[in-house]
Amino acid sequence: MSKLPFVTKEQVEEIVKTYPTPFHIYDERGIRQNAQAVQEAFAWNKGFKEYFAVKACPNPFLIQILHEYGVGCDCSSLTELMLSDALGLVGDDIMFSSNETPAEEYAYCAKLGGIINLDDITHIEFVENILGKLPETMSCRYNPGGVFQMSNGIMDNPGDSKYGFTTEQLFEGYKILREKGVKHFGLHAFLASNTVTNEYYPQLAKQLFELAVQIKEKVGVQIEFINLSGGVGITYDPDQTANDIRVIGEGVHKVYDEVLVPAGMGETAIYTEMGRFMTGPYGALVTQAIHEKHTYKEYIGVDACAVNLMRPAMYGAYHHITVLGKEDMPCDHTYDVVGSLCENNDKFAIDRKLPGIDKGDYLVIHDTGAHGYAMGYNYNGKLKSAELLLKEDGSVQLIRRAETPQDYFATLDGFKVYEALKERIKTIEI
Ligand SMILES: *Cc1c(COP(=O)(O)O)cnc(C)c1O
C-alpha cells in the first residue's frame, strides 16, 4: 500500500528557497483534525483530558495548537515544565509523569500547581520532605509486572520495566497518601508502546478500572481520575491498519459502563497522555539526496542523518520514504538510504525498494512528528535542523530555526578557546 506525503515536490522546491534541507515539517491541518477526533472519541466522559506527552514533540507552536482543543501538557523534566509554564499551561493543565525525579523538579511542578504522578512509593516521603506538605491531588503509576498480553499475543513486558508501583505498593501507597492529607487521587499506567490495535486502551482501562474498584473497596480511597497514558500507536508501515480513535474511545466507554458505573464510580475522569498518536503522522523529515554510492550495496547519501531522526538507528524502526515527484514510479531499485554520521547504523532505510533516485531528489521520511526531532542530538558535531509548520492556508511558518555553530559551541562560552571559535564562525558561510 502507498502512503502519500502531505507536501508535494512543488511545495518543497518552494520551501527550500528559504529553508534549506534537512528540516522537519508539520501538517497543521492533520494535527487539528486528529486533536478534534480525540476530543470527540472521549466526549462521553465529562472529565476527559488529554495531556500531550511533551517529550514527543516539544515545540511550543504545536502545543499551542493542541491546547485549543483542551489538551494539556504531560511533562517529565524541568525544561518540559518550563515550556508548559511559559505557554501559560499551569495547574490542572500539567501532568507530571516523571521518574527518578530530582527534588527541584518536584518543587517546580508543585509551584506551578501541576499534578504529580508518583513513579514509586518511596517518592511519597521524598516529595513530602521537599514540599513540607503533600499537594491535595496526587496520582500513582501502576506496574502490574509480568507481561501485557492481548488476543494477538504479548504486547510488552511491564515486569522488566523500571516504572511504577507494584500492586501491593499501590494499596499501601494510597493508604499513606490519605493519612498524609491527600484528598484527590489518580491512577496511571503505561503498559505497552506504539500499539497498533484498537484493543489496547480498552484492555488497559478494564485492568485499571477493576483495580480502582478494589482500591475503593479495600482502602476506602476513591480514585477520581484514571490516566491511560500513552502507547496508542501509528502505522509507520503502510501495510498496517491504522488505529481508529473513535473505536478506541467507544471500547473504553464500554468497559467504563461495565466496571466503574456499577461500582458507583461513574464520575471518574479519563485522562490520556498520548504523544505519538497526537503528532506522529503529521510530521515529516525532508532531506535531499546528495550522493549515490555503488559498492557492495547501492547507497543513497542524504543531507539528514540520525541526529535528525534517531529511531531507525536506535530501534531499527521502519519509516516510510517517498521520493518526491516519483510517487507513481515503480519501486524497482533497492537502496540503503544513509546519513553522514561515522556510525554504520546511520541508515534511514536498509534494502528498501524505491524508485530510481537521482542526486538532487527530495525524500520525505514519514511519521517523524513524534519522537523525531525531539530525540535529536549532536553527535559528530552535527547540528539540529529547523522545524517548519505547513499551515492550513498552505503557507509555511518557521517554528524553530536550525542550529548554528554558535549554538553548538555556546556551552564553551567563558572558556579561552571560545574566542578563537567565534573567529572561526565568522570566517565560514553556511
Ligand atoms: C513517552 C510517554 C508518553 C507518550 O507515549 P507515546 O508512545 O508517545 O504515546 C506518555 N506518558 C509517559 C509517562 C511517557 O513516558
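**Close-ups of salt bridges and parallel strands**

Glu40 is partly exposed, at a relative accessible area of 43%; here buried means under 20% relative accessible area, exposed over 50%, and partly exposed in between (1.4 Å probe, protein chains only). Everything below comes from a predicted model, where local features need pLDDT of at least 70, side-chain atom pairs count only at pLDDT 80 or more, and totals for chains, interfaces and linings use all residues. Residues are numbered from 1 along each chain as its sequence is written, and side-chain values use heavy atoms, with hydrogens and water left out.

**View 1. Arg246 and Glu40 meet in a salt bridge.** That term means a side-chain nitrogen of Lys or Arg within 4 Å of a carboxyl oxygen of Asp or Glu. The N to O distance for this pair is 4.0 Å. Arg246 sits in helix 9 (residues 245-260) and Glu40 in helix 2 (residues 28-41), so the pair ties together parts 206 residues apart in sequence. Helices (H or I, at least four residues) and strands (E, at least two) are DSSP runs, numbered from the N terminus.

**View 2. Glu14 and Lys17 form a salt bridge.** Their side chains meet at 3.0 Å, N to O. Lys17 counts as exposed at 64% relative accessibility, while Glu14 is partly exposed at 48%.

**View 3. Arg401 pairs with Asp407.** This salt bridge has an N to O distance of 2.6 Å. Arg401 is partly exposed at 47% relative accessible area, and Asp407 is partly exposed at 28%. Elsewhere, salt bridges with shared partners link Glu28, Arg32, Glu68 and Glu392 into one network. The count by this rule comes to 22 salt bridges.

**View 4. Strand 2 runs parallel to strand 3.** Strand 2 (residues 49-53) is joined to strand 3 (residues 72-75) by 3 bridges; two strands pair if DSSP finds at least two bridges between them. Tyr51 has Gly72 in strand 3 as its bridge partner. To get from strand 2 to strand 3, the chain passes through helix 3 (residues 60-67) in a right-handed β-α-β crossover. Right-handed means that, with the strands pointing away from the viewer, the path from the first strand over the helix to the second runs clockwise.

**View 5. Strand 3 also pairs with strand 4 in the parallel sense.** There are 3 bridges between strand 3 and strand 4 (residues 94-96). Asp74 has Met95 in strand 4 as its bridge partner. Helix 4 (residues 78-86) carries the chain across from strand 3 to strand 4, and this β-α-β crossover is right-handed.
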